[in-house]
Amino acid sequence: MTITETTGSTHTIVTICGTLDASTAPDFRNSPAIADPSRTVVIDLDKMDFLDSSGLGALVGVLRRKQEANATILLSCMNPPVRKVFDITGTCKLFHIFDDTDAATDYAATYLRGR
Amino acid sequence: MPQPPLRHPGNHNNAMKTLIAIKEQHQSWVRDAFPNMHPLLLPLCNKPFIEYLIDFAILAGSREIRLLSDGSLMEIEEICQTGSRWGVELTYANIRPEDGERELLHKNRKFCNGSRTMILNGYTFIDYDKRLDYRVLANHSATGPIASCSTGSIAFAGPPEPAADDNPLPALRITPLDSLRSCYHIAMQILETGAERYVLPGYGSEPGCAIGRNVAIAKTAEIRKPVSIGNNVQLLPGTIIGPMAVIGSNVIIDKGSSISGSIIFDNTYIGEQLEIEGRIASGNTLIDPESGASVAMEDPHLLTGIHSATNSATLLRKTIHALAAAILILLQAIPVIILYPLLRLQGKWKNGPITQQAGLAETLAARLSLDRFPLLPKVLLGQLAIIGSAPRSNSPGCRPAVFSYAEAEDWPVTGSDAAIVERYHAVHSTPFNDIGMTIKALINRPHKRNAGAAA
Amino acid sequence: MAFRLETQNGITIGIAELDERLDAENSKALQKACGDWQQQTPFLVFDCTKLDFIDSSGLGAIVSCLRRSLEKNGDLKLAGLNAKVSMVFELTKAKKLFSIFSNASDAAASFAASRQP
Amino acid sequence: MNSSNITITLPGELRFIRLASKIASNTASLFTETRKTEAENWEFAHAFELAVSEAFTNAVVHAKKQAAPQPVTITFTLEERKLTIAMRDSNVPFSTRTPSPDPENYPENGYGLLLIRTVMDTVTLTRENDTNIITMSKTL
């Protein structure tokens, strides 16, 4: 798994490439924008090829810490197998999910700034 | 954003898109009433709810439809798949419970692609008419909701598509689907308005009568239009279906029962001699759609869910019945051998009950229930039960038998309350109990006849 | 199953309060108890106010009680059926066999009224 | 019915999760049925990838608490249209009593068994002589 962070003024775009499971979850948690609870992130999942419950658990934990710090996670470009993991576990309703990274960043910039 | 001026037939990219957004909060009543059913598959006149929305999107000219929910869509995805069955492209995505129209459009921006987009929002029934041209919705300049009700709306976003001519916008009416009551009334309305308005499942040689595959209708069963009947349905002798009856798939309506103004959901067995009027029956549950009152029971003489029979119990019962029949054959063999030629000579041996009781031989034959002797070998073969719901009846849920429970108890064997009495006895019958009842039947039958003759 | 006797217009009426459930478990017990009540009077009222569930064996038992009262030239009237119980009676057409009242005192009074000269 | 078995043993370490689940999905993709759609074939492989990832993680995460990582043995049984995977380890068993997590509480774990049970046709959990065996099968 590789993580790329692109930092803007209001939020950071985090691109995850590869697999998010128990072996890669610690790296994900330690990525700077993810570890900073007050930073709103757009996570681009277009190149994520596999997610399991350990990866999902990491995402849910990060989301909770960010929401407590008045920030959030926006997910974009989720492919069907990744969506399935969210669907089965019922965690889909916790996240803002976009089909386009630009739409997610616009949403973060426009609607979430005032919060 | 500038729009391409021309619409290319065959290229769907610019055709109107449809977002169907349904939230758990609006469906919670379905989850409560039918825990095993996904609310989007709730049948309305034997057609799953979601298909009405897909139909409407297609009538409005959409070829790309996205289904959005804050709950699980996996079950729907397994059934609807990619939408190729309807010739559309169906995709799935998740939303949050609090998302409004603006969020929906934002979250699906790539899908909408700057095109005209129709948003079917909420758990509502769209009262469409397939004869009308809804494609003008794409050409119309309206944005925001154009029809709404307490549980949802039809809204539009994006630039209108160029129109060939100026057709008026057809009226759109949507009804909240917010209770069993509304579900019942909408299904009845669909049944009444019929297939000329909606795309409905089933085949019908005449209007108002749609029947699915593998439906067995007894000669004496009566169908009163309008009705809609699903697949794998058995209508047994003497049943009256309709008017206004929706029968789902895998349903058995047992003898003499009538169904009117009612909906029978999939996998339901309706017992004998029942009268269902203005009700919803689903598996073992009977519901009054007006008051919302419901009774759940697993009662083979009223309602049950249909599932496979327990084989071990059947085997035990058959064995014990066969044993009882063998003993009876042995006991009756000598009187039969002696009395049969005698009665035969007098022309008094008939198949069926012995009516005349003049001579000693006849009285004796009647007392010993010899008239049932010819049926006993069938019990040995497992074709009949020794005792059951009624002699020689043949319908699921009740066992055809040599003796009936009604004969065992000193109950009237005919009349409307006999059927109720039958239920009472058959419900609690165990194989061993049956033996006792058979002996009772043997003892009681002659007395009853005498009482009948005296009256 | 509480049972009491009331006398109105010279008729002794037995009023039985049924329990919450009447099914295969306790329908035999009702039939047995009813036999004893019918020794005292054939004019019976089943107060179903508490009754919340009835199945086919329960129905069978009540119909059997009715039949025995009728044989003794009496009657069995029902009172206070809730929506669920009422649905089961309608389903089986058993409703047609009974006079049904909203409460036990109306049912009892109807016995007295039918005896008016 | 022809059936063949393949058994592999991997060290019970986190870094082998990916290898285990990839072996499972590649084995499952041998079952490609021409009558099925591409999506269905693909989903079959993904189901095994996910289930093995969850089961292996469970074995290994609990192993961390022990002194030395215990090996995990995976047996693939291939029948005509059915693939069965049995995974054996000698660590702490799956907790089957915990209910499915409620997303409202933002739980960070506990989804594993729910996912396995959803994507597989049959799942059995047994413990024999201090060995946990999880058997998962699915028919294409």
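I'll take the chains in turn, then stop at one residue. Keep in mind that this is a predicted model.

Chain A comes up with five helices and six strands. From the N terminus, the order is β-β-α-α-β-β-α-β-α-β-α. Its radius of gyration is 13 Å, close to the 13 Å that the globule rule gives for 115 residues, so chain A is as compact as a globular protein of that length. Its C-alpha atoms fill a box of roughly 35 × 25 × 25 Å along the principal axes. Of its 115 residues, 63% are buried. Chain A exposes about 4,000 Å², and carbon and sulfur atoms supply 46% of that. Now charge. Chain A has 11 positive and 14 negative charges, and their mean positions are 7 Å apart.

On to chain B. Here we have 13 helices and 29 strands. The chain has 455 residues, and buried ones make up 53%. Chain B exposes about 20,000 Å², with 57% supplied by carbon and sulfur atoms.

Now the residue. Where does Arg96(B) lie? In the loop between strand 5 (89-94) and helix 4 (101-107) of chain B. Is Arg96(B) buried or exposed? Its relative accessible area is 13%, under the 20% cut-off, so Arg96(B) counts as buried. Beyond its neighbours within four places in sequence, Arg96(B) is in contact with residues of chain A, including Gln67(A), Phe95(A) and His96(A). In chain B, its contacts include Lys23(B) and Asp70(B).

Definitions and conventions: Residues numbered from 1 in each chain as written. Chains lettered and ligands numbered in written order. Predicted model: local features only at pLDDT ≥ 70, side-chain atom pairs only at ≥ 80, totals over all residues. Heavy atoms only, no water. Helix = DSSP H or I, 4+ residues; strand = E, 2+ residues; numbered from the N terminus. Buried < 20%, exposed > 50% of the residue type's maximum accessible area, 1.4 Å probe, protein only. Areas by Shrake-Rupley, 256 points an atom, 1.4 Å probe, with all protein chains shown as cover. Contact = heavy atoms within 4.5 Å. Rg over C-alpha atoms; globule rule 2.2 N^0.38 Å. Lys, Arg positive; Asp, Glu negative; His and termini not counted. Charge placed at Lys NZ, Arg CZ, Asp CG, Glu CD.
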